[in-house]
Amino acid sequence: MATQTEVLKQLIQAAPEYCSGDQLAQQFGISRTAIWKTIQGLQTAGYTIESRHGRGYRYVATNQLSAIVIQMGLPSDLALQLVVLPTVDSTNAYLKRLVSRTKLTQPTVVIAETQTAGYGRSGRDFYSPESTGIYLSIGLPMPSQQTFDPGLLTTSTAVTVAKTLTALFDVKVELKWVNDVLVNHHKAVGILSEAVADLEGGQISTVIVGIGINLTTQNFPGALSSKAGAIMAQTDVTRNQVIVKLLTEFFNSYQTYTTGDFMADYRRLSMVINQQVELKSGAKIIKGVVKDIDSTGALVVQLPSGRVQRVSSGEITKVNLLTGDYHG
């Protein structure tokens with residue numbers, strides 16, 4: 001008997017065209033009544049399946065997250081495991097628990113409808129309301145011989161997100177070193193990369209890249225209301241479509257990210273080059289003008305003394321723009 005998944009896949013492949021009940025029944029070797037019951041089951045599960053007399057059934061893309069819809073949109077040669085959850089404390093935390101029990105043999109992507117304890121840099125909360133955002137984490141197995149560069153991976157991911165957003169939406173995207181993606185001068189995306197070490201060997205076994213996108217999120221709480229923003233107030237682009245584009249771009253870039261071949265794009269999108277900044281690196285506070293971002297993703301800062309300092313890790317806490325438009 002045909003499963004709901006098999007029928008759904010057929011409808012997705014045919015969309016936006018209709019599939020007749022007779023056609024589906026013949027294809028799966030079951031009765032039209034069984035097809036009708038399967039369609040009902042899919043509708044109960046939240047999928048929008050339209051039916052029209054004389055034409056049959058068709059799948060209509062909606063904002064409901066679906067591992068099946070996402071998987072079907074990805075390149076056929078992209079092997080990864082997809083986990084879609086209705087709710088989770090944090091997608092990064094979920095992956096950490098997973099790799100503590102099981103060694104990843106292929107990239108694993110965890111996506112949640114909402115997070116109850118989403119977090120970013122320094123453990124700061126990441127507001128994750130239901131239905132309006134994309135909250136996902138990518139778990140990357142790290143064989144012992146594989147090179148890992150945290151600075152380049154984070155900056156590469158920022159460029160990947162920017163390319164995804166500009167391809168799907170009519171928005172201007174800017175990057176604030178090192179991991180903030182801004183739309184309309186407000187932070188719309190956060191990126192957090194974390195490494196998990198093998199307890200026996202002490203080597204990094206898994207890298208987790210968390211990406212949180214405020215797609216249509218509004219009414220941010222507290223201090224976030226002046227700093228955070230959404231990609232769009234409303235959009236016809238579904239979250240599944242955004243995720244498909246994002247994962248496709250990410251894994252295309254991931255193959256060569258250690259070469260830094262994306263850095264020209266990162267510099268072009270940067271909103272801090274030639275700007276006066278204040279940044280925190282470890283326990284130090286550094287003030288100066290950003291002169292460049294080098295080939296490793298490090299910030300090149302000219303201090304008030306005239307000396308140039310390279311900063312490979314840290315966080316920009318203030319940016320003084322001549323326009324005065326930045327709120328993040």
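Is Arg-97 buried, partly exposed or exposed? Arg-97 is partly exposed, because its relative accessible area is 36%. Buried means under 20% relative accessible area, exposed means over 50%, and partly exposed lies in between (1.4 Å probe, protein chains only). Arg-97 has its place in helix 5, residues 91-101. Leaving aside residues up to four places away in sequence, Arg-97 touches Val-88 and Asp-89. Contact here means heavy atoms within 4.5 Å.

This is a predicted model, in which local features need pLDDT of at least 70, side-chain atom pairs count only at pLDDT 80 or more, and totals for chains, interfaces and linings use all residues. Residues are numbered from 1 along each chain as its sequence is written, and side-chain values use heavy atoms, with hydrogens and water left out.

Now the whole chain. It holds 8 helices and 14 strands. Both kinds of element are DSSP runs, numbered from the N terminus: helices are H or I with at least four residues, strands are E with at least two. The C-alpha trace spans about 80 × 50 × 35 Å along its principal axes. Of the 328 residues in the chain, 50% are buried. Take the contacts between residues at least 6 apart in sequence: 63% of them join residues at least 24 apart.

Start at helix 1 (residues 4-14) and helix 2 (residues 21-28). Their axes come within 12 Å and cross at roughly 130°. That angle makes helix 1 oblique to helix 2. Axes are lines fitted to C-alpha atoms, for helices over the stretch in contact, and angles run from 0 to 180 degrees between N-to-C directions. Angles under 35 degrees count as roughly parallel, over 145 as roughly antiparallel, 65 to 115 as roughly perpendicular, and the rest as oblique. Helix 1 passes helix 2 in a right-handed crossing. A crossing is right-handed if the near helix is turned clockwise from the far one by less than a right angle, and left-handed if anticlockwise.

Which residues make this contact? Helix 1 brings Glu-6, Val-7, Gln-10 and Leu-11, while helix 2 brings Gln-23, Leu-24, Gln-27 and Phe-28. They divide into 4 nonpolar, 3 polar and 1 charged. Ala, Val, Leu, Ile, Met, Phe, Trp, Tyr, Cys and Pro count as nonpolar, Asp, Glu, Lys and Arg as charged, and the others, Gly among them, as polar. The spacing follows a general rule. An α-helix has 3.6 residues a turn, so residues three or four places apart point the same way.

Pro-16 lies in the loop between helix 1 and helix 2. The peptide bond from Ala-15 to Pro-16 is cis, with omega near 10°. Val-178 sits in the loop between strand 6 (173-176) and strand 7 (180-183). Most residues other than glycine have a negative phi, and most peptide bonds are trans.

Two residues have a positive phi. His-185 is not a glycine, yet its phi is about 70°. His-185 is in the loop between strand 7 and strand 8 (186-197). Its relative accessibility is 24%, so His-185 counts as partly exposed. Asn-274 also has a positive phi, near 70°. The loop that holds Asn-274 runs between helix 8 (263-269) and strand 10 (276-281). At 53% relative accessibility, Asn-274 counts as exposed.

Turn to helix 7, residues 239-254. Its 16 residues should span 22 Å at 1.5 Å a residue, and its end C-alpha atoms are 22 Å apart, which agrees. The expected span is 1.5 Å times one less than the number of residues. Of those 16 residues, 13 are buried, so helix 7 is largely enclosed by the rest of the structure.

One partner of helix 7 is helix 6 (residues 150-168), and their axes come within 9 Å and cross at roughly 140°. The two helices are therefore oblique to each other. Their crossing is right-handed. Among the residues that meet are Leu-153, Thr-157 and Val-161 in helix 6, and Val-242, Leu-246 and Phe-250 in helix 7. The residues of this contact divide into 8 nonpolar, 6 polar and 3 charged.

End at Ser-313, in the loop between strand 13 (308-311) and strand 14 (315-320). Ser-313 counts as partly exposed, at 45% relative accessibility. Not counting residues up to four places away in sequence, Ser-313 touches Trp-177 and Ser-281. The C-alpha atoms of Ser-313 and Leu-279 are separated by 9.8 Å, although these residues are 34 apart along the chain.
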